[in-house]
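Try each task before reading its solution.

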Amino acid sequence: MAEIQCPICHRTNDASAERCWYCQAVLPHEAEPAPENGDWLDGLRGDSTPTDNTPNDEPAAPDSEPPAEEVPEWLARIRELERQDHGQTGEPEKSEPTAPEPQETNWQDIFKGTESPAPEDDAHSASEANDQDEWLKSLQNWQPQPNELEESAPAEEAASSPFADEPQVPSNEPQPNANEENPDWPSSLMAENTAGEADHLSKTPAAEETSPFAEEPAPVSEPQVPEAISKEHPNSAQESESAEAEKSENWLSSFRGLTPERDLNEQVFPPAEENESNKNPFSGNAQEWMEEAPVPEESGTPEEPVPQEKLEPASLPAWIQALSPNHKAKPSSPSATSESSGPLAGIEGALNGEDPSKYYSGPQTFSSALKVTENQLGRAQILKNIAEQAHWEDDGIATSKPTYRWVLRLIVTLILLATVLLPMLVQSLPVIAPTLYPDEVVQFYNTLSSLNSAQPVLIAADFDGSLYGELKWSMQPVLQQLLSQQVPLAYVSTNPEGAVLLQKTFSQNTLANTVPTFDLGYLAGGSVGLQTLAQDPRTAFPLDASLNNVWNELPMSQVKQLSDFGAVIVITENADTARYWIEQVQPVLGNVPMLVIVAAQSAPLLQPYYDSGQISGYLSGLGSAVVLETLQKAPGAASGHLGSFQYTSLLVAALIIIGGIVSLILYKPAGQRSQK
Amino acid sequence: MPLSADLIWLIVSFVLTVCIFSYLFGDNPLFRLATGLLIGVTAGYLAVTIIYQVLLPKLVVPLLQGSLTVLIPLFLSGLLLTKLSPRLSRLGNFSMAYLVACGAAIAIGGALLGTLFTQVKGAMNSMAPAATASVDQKWTLILEGGFILLGTIASLAYFNFGTRENKNKTGKRPPMVRLFSAVGQFFIAVTLGAVFAGVLTSTITALIERSDFLFTAIKTFFGLG
Amino acid sequence: MRSPLVPLFGFLVGTVILAGYFFPGSGIAVIRTPMLDWAVILSGVAGLIAIVHLIFGVHWRRLRDPERNHLFSFLIIISFLLTLAAGIFFGPTNKVYQKVVTEIQMPIEASLMAVLAITLAYSSLRLLQRQHNWMGFVFFVSVVVFLLINSGVFSYFANVPFIQPLLSGVSQVPIAGARGILIGVALGSLVTGIRIWIGSDRPYNG
């Protein structure tokens, strides 16, 4: 593949490339018209002093020329000047700016690469040589500002920005601003020539080469070199120039041989084989003179400007203004943001590419300590004060042995079983028959007695097997009375066991087959199912437990809603279940009575509902069953177990009293227990 | 004694009852055997009951009869089944929301109309004796009603732990609330005592019933009954 | 941010159900009754899911755990499968199948309650050991009094004057406390139901 050598950085690029891969300089594909001279550079040219042009042994740009129409104007002028200085022939004016004499400062050598190999402008080179000398001298005396070095980054952007090819850049625009704000800002660019800056310079050939200030003594990075040298030898410009020329040649030689096909980093920053050369890809020699250059002061104070001719004010483009040392965006200290090591050492504003540990930290650790606000502490204190009002004291017999407790438990068990079995064995033991009839039992009996065979009764068997024994003894007299009154029965259950156990109780009654009974089935959903039943029992039970349609049979065919039943009897051991039935079903019953058969443990919570009239009566436990049997004058299983019930209840009451007395006797306050 | 099905079932019930009673001597494998059997049998019977008495009559039969409205609960049931899968469980949130919303609405209606209004009305009615009651009965009923009303208010005050923030942050309630709370403590202590006595009564009845069963079974085994 | 679709759906459903309480004759029962029926179906399905999770999600996994005792879980799974198979074969209304309830479930549950009687009686010996304050003493006295009332032994003193009014008055005391408890429970149910209805609490977002 054909290659083109960049006239600025002297690196080889692809022949089809329009811009240099490294420095973004326009590659000379064909003759480019020379850009119009910008007004802003005229002043520089007018102030420039002739400098000694050191011979340049190596041609700067041997091969190619950038396209004429793409060469920036300022670059064209520089090339033109170089051509004039070197007296090269055959260079078209508009192709490249003239390369300066080799004996000139290093920044001139940069542009040797931009020289066209064709000796076309030799006729003009001699005539421009004198102007170039003056111009160069003025640039030598130019003192760059310390903050000009940070403008190397925008210099790169400027080089690649659309404004890089502006055909007309007023020559006076940048300069007057510089004069107004900092007349010596070009020289300030050249004055920054520290060792770190040297690295920075050596690693930004693109910025250097394509800086809009190429016509100036040096780009942001480059001008530092000649100025530093001019500082060292302010009165011996020729000596410095000759020395610098040699160094610049060596420095520039590193540009040659670079091709865009190869990785830029590899070319610019070859693999680490040598310490110094890795850091300075250009040349070790260049770094030597850079290091020898005096470190400018970082006080930020501008150097004493070199008196120049007053220039006309010009309006600078934004990218040029960004390069201005007075641009506020840049920090004063270049070392604050410049890389100190790595391939980007010395370059300011570059993204940090090394040592990610500086910028990334480990996972954030959170303290395990509880963060509590004062408000929360106050509320916790309030809660603590409330809790302290309740005294929780230790067990007075905490040190009792497990054997003692096991023996006591065994004794209680045996006594209880004996008390339960004794009345079963000895039928002649005295039993206290109930004479005090609770009002709820009496009402229950009265309501039950008022039921007739015309309307079926709905029985809700919402109980399980745990208290089936107690409920069985309450259910039997009720069922007996209903069956004796030939009342049809329909039963439902929200508990799967309830219907089965109710059927078992039915089966034990001799009148079970004389009355039609309907097992409507299991109602799922708890209170939701009860509300469904209350809304429409036919929707709740489209089919019975045997998957038959009972609503077509008498007497169920007469039942359209729950209020068509004669009564609703709820049998449950759970107070919550009774509450659900009362809350969901009772409101739709109207005048239809609701009776409840409940275990003794739920009786206290059912009393308010009876007191408010929501239920017509209830049976609670064995005692109520005995009373009902007494009212019915038909002793049943409940009456047969009354003796065991009474004796066991008395025994348990006695045990509680004895235990309480013993506890009171053995009770010790907390203070005495702690002393023990 | 001929071995019949009833006798076999009687033996099974007897053995299971004895296994549970063995817990009186401490936890043992027999007790665990009985409780494990209870869990498995209960779960199995409940599953059969749900299938036969809920899904079949309400879902399958209407579907076979061509009812289209049953597609909605069928769809919701399908979504609910996704709760078994951890990945797809979020799909079942709609069905759960339906169930929970129904339950919440029913709880609101039942609590409001079934308990709150009626119990407040009952408390007021206890202060209004029947017109046909005699003077003594009326005063007795008024005293009883007032007593119950006082107890009701005091019980509610006992469960009120709200207090205003003060500088000392003592957390003490206002004096009147504390007075009513102390009275409410008495009523609640009596009520809970009555409930505990009812629990004791129920368990004693269960003990009597089981003891009677064991006694009857032994008599049956030995041909004495 | 969680999706508001599910709470909105629940709010609409709850609104329809709740409206039936306050507007019973407004015709809303046309949609309300089927919705309640669907909820019943869903409750059944939820029960089935719970059973499947219990058997296969809990006990089946325990069978695979080598460090656990497998016998208990094995027994549960076997008894479940046998009961389920017999129920599907015979049907829940079959008299033989109903022996599962009457001869296995009921005896075990009733026996557990009977054992509880002995345990409670033994624990009642130490009633006053815990609470050495006036409320504990009131509770102690209340237990004894109502145990005796439930047993019916005061019928022996029926002829003693003032015994019946005294017993009647004593029986009124739990009514007041129970009414306060019931109102408190109803208020709590009301608040919780409203919070779920409006979506403030979302127990279904699992």
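**Exercise 1.** Find how many residues of chain A are in contact with chain C, and which helix of chain A gives the largest share.

*Solution.* Start with the contacts, which are pairs of residues whose C-beta atoms, placed from the backbone, lie within 7 Å. On this count, 57 residues of chain A touch 52 residues of chain C. Helix 29 of chain A supplies the largest share, 13 residues. Finally, sort by class: this side has 27 nonpolar, 22 polar and eight charged residues. Here Ala, Val, Leu, Ile, Met, Phe, Trp, Tyr, Cys and Pro are nonpolar, Asp, Glu, Lys and Arg charged, and the others, Gly among them, polar.

The model is predicted: local features need pLDDT of at least 70 and side-chain atom pairs 80 or more, while totals for chains, interfaces and linings use all residues. Residues are numbered from 1 along each chain as its sequence is written, and chains are lettered from A and ligands numbered from 1 in the order written.

**Exercise 2.** Work out how helix 6 of chain B and helix 7 of chain C are oriented to each other.

*Solution.* First take the geometry: helix 6 (residues 175-221) of chain B packs on helix 7 (residues 163-197) of chain C at about 100 degrees, with axes 8 Å apart. Axes are lines fitted to C-alpha atoms over the stretch in contact, and angles run from 0 to 180 degrees between N-to-C directions. The two helices are therefore roughly perpendicular (65 to 115 degrees). Then check the residues: those meeting here include Phe187(B) and Ile188(B) from helix 6 of chain B, and Val173(C) and Pro174(C) from helix 7 of chain C. By class, this contact has nine nonpolar, four polar and no charged residues.

Definitions and conventions
Two residues are in contact if their C-beta atoms, placed from the backbone, lie within 7 Å. Helices (H or I, at least four residues) and strands (E, at least two) are DSSP runs, numbered from the N terminus. Angles under 35 degrees count as roughly parallel, over 145 as roughly antiparallel, 65 to 115 as roughly perpendicular and the rest as oblique.
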